[in-house]
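Let's walk through this one together, fold first in mind and side chains close behind. Have the viewer open and follow along.

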Amino acid sequence: MTKADDHPNRRILIIDDNVGIHKDFQTIFHTVSEMGAVDQARTSLFGENPLARNLMRFELDCTDRGQTALACIKQARHDGRPYAVAFVDMRMPTGWDGLETIEHIWEVDQEIQTVICTAYSDHSWDDIMHRLGYDDRLLILQKPFSSVEVVQLATSLTQKWNLARQVRQRLEAAEAATVAK
């Protein structure tokens, strides 16, 4: 098992000017952690439970502005603890909107999985694609969202981030081995 397998990255950044949305995400992810504790207890009493093995715990940070989010992402990368996923609101009245925020984030972090999380956007899908490109790091989650959707996205995208990181590390190791020969 590789180091990345032992400690998968489950860091998520919420970027939304509405503090109520931060609380919604915190509630969703707190509930997932509680379910994990119940399943751990069940496993200790009754043996291995495949559901418990698949539940994830997430590390969640929230910010209300794109500029602050960029600073968080830069600091996280500097500390060697990058975010795997960012949920980004499109309409933020102060500073950068969601699209501009994503552009800045992608300039400093080409790996981060990004979810546009919005009820309404000032940009058309064509405009978004023109500015960001067709990219497999980008998904849209329409508000109001369900907790199931959020947990499924977080689970899938953090796993995708971790798998991509493992593949990159293995390719780099193989290239280094080839050069060493």
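Which ring does the charged end of Arg-137 sit over? The charged end of Arg-137 sits over the ring of Trp-106, 3.7 Å from its centre. For a charge to count as sitting over a ring, NZ of Lys or CZ of Arg has to be within 6 Å of the ring centre and within 35 degrees of the ring normal. Arg-11 does something of the kind with Tyr-83, lying over the face of that residue at 4.3 Å from the ring centre.

Before going on, some ground rules. This is a predicted model, where local features need pLDDT of at least 70 and side-chain atom pairs count only at pLDDT 80 or more, while totals for chains, interfaces and linings use all residues. Residues are numbered from 1 along each chain as its sequence is written, and side-chain values use heavy atoms, with hydrogens and water left out.

Now zoom out to the fold. The chain's secondary structure comes to seven helices and five strands, where helices (H or I, at least four residues) and strands (E, at least two) are DSSP runs numbered from the N terminus. Read from the N terminus on, the elements go α-β-α-α-β-α-β-α-β-α-β-α. Of the 181 residues in the chain, buried ones make up 40%; buried means under 20% relative accessible area, exposed over 50%, and partly exposed in between, with a 1.4 Å probe and protein chains only. Take contacts (heavy atoms within 4.5 Å) between residues at least 6 apart in sequence: 78% of them join residues at least 24 apart.

The five strands make an open sheet with parallel pairing, in the order S2-S1-S3-S4-S5. Two strands pair if DSSP finds at least two bridges between them. Strand S2 (59-63) and strand S5 (138-142) stand at the edges with a single partner strand each, so one side of each has no neighbour in the sheet. From one strand to the next, the twist averages 20°; axes here are lines fitted to C-alpha atoms, for helices over the stretch in contact, and angles run from 0 to 180 degrees between N-to-C directions.

Follow S3 (residues 85-88) next. S3 pairs with S4 (residues 113-118) in the parallel sense over four bridges, and S1 and S3 also pair in the parallel sense over four bridges. Towards S4, Ala-86 stands opposite Thr-114 and Phe-87 stands opposite Val-115. Where do the S3 side chains go, one way or the other? Val-85 and Phe-87 point one way, Ala-86 and Val-88 the other way, and all are buried. Helix H4 (residues 66-78) lies across strand S1 (11-15) and S2, running at about 165° to S1.

Phe-87 also leads us to the aromatics: together with Phe-25, Phe-29, Phe-58 and Phe-145, Phe-87 forms one aromatic cluster. A search of the whole structure turns up four aromatic pairs. One of them is Phe-25 with Phe-29, stacked at 6.5 Å centre to centre and 15° between the planes. Rings of Phe, Tyr and Trp (its six-membered ring) pair if their centres lie within 6.5 Å; planes under 30 degrees apart count as stacked, over 60 as edge-to-face and the rest as tilted. Both Phe-25 and Phe-29 lie in helix H2 (residues 19-46), four residues apart, about one turn of the helix, and both are buried.

What about the cysteines? The count comes to zero disulfides, a disulfide being a pair of cysteine sulfur atoms within 2.5 Å. For Cys-72, the nearest cysteine sulfur is that of Cys-62, 9.9 Å away. Cys-72 counts as partly exposed because its relative accessibility is 27%, whereas Cys-117 is buried, with a relative accessible area of 2%.

Finally, visit two loops. Asn-9 sits in the loop between helix H1 (3-6) and S1, and counts as buried because its relative accessibility is 10%. Leaving aside neighbours within four places in sequence, Asn-9 is in contact with Pro-82, Tyr-83, Ala-84, Thr-158, Trp-161 and Asn-162. The C-alpha atoms of Asn-9 and Gln-159 are separated by 8.2 Å, although the two are 150 residues apart along the chain. Asp-122, in the loop between S4 and helix H6 (125-132), is exposed, with a relative accessible area of 51%.
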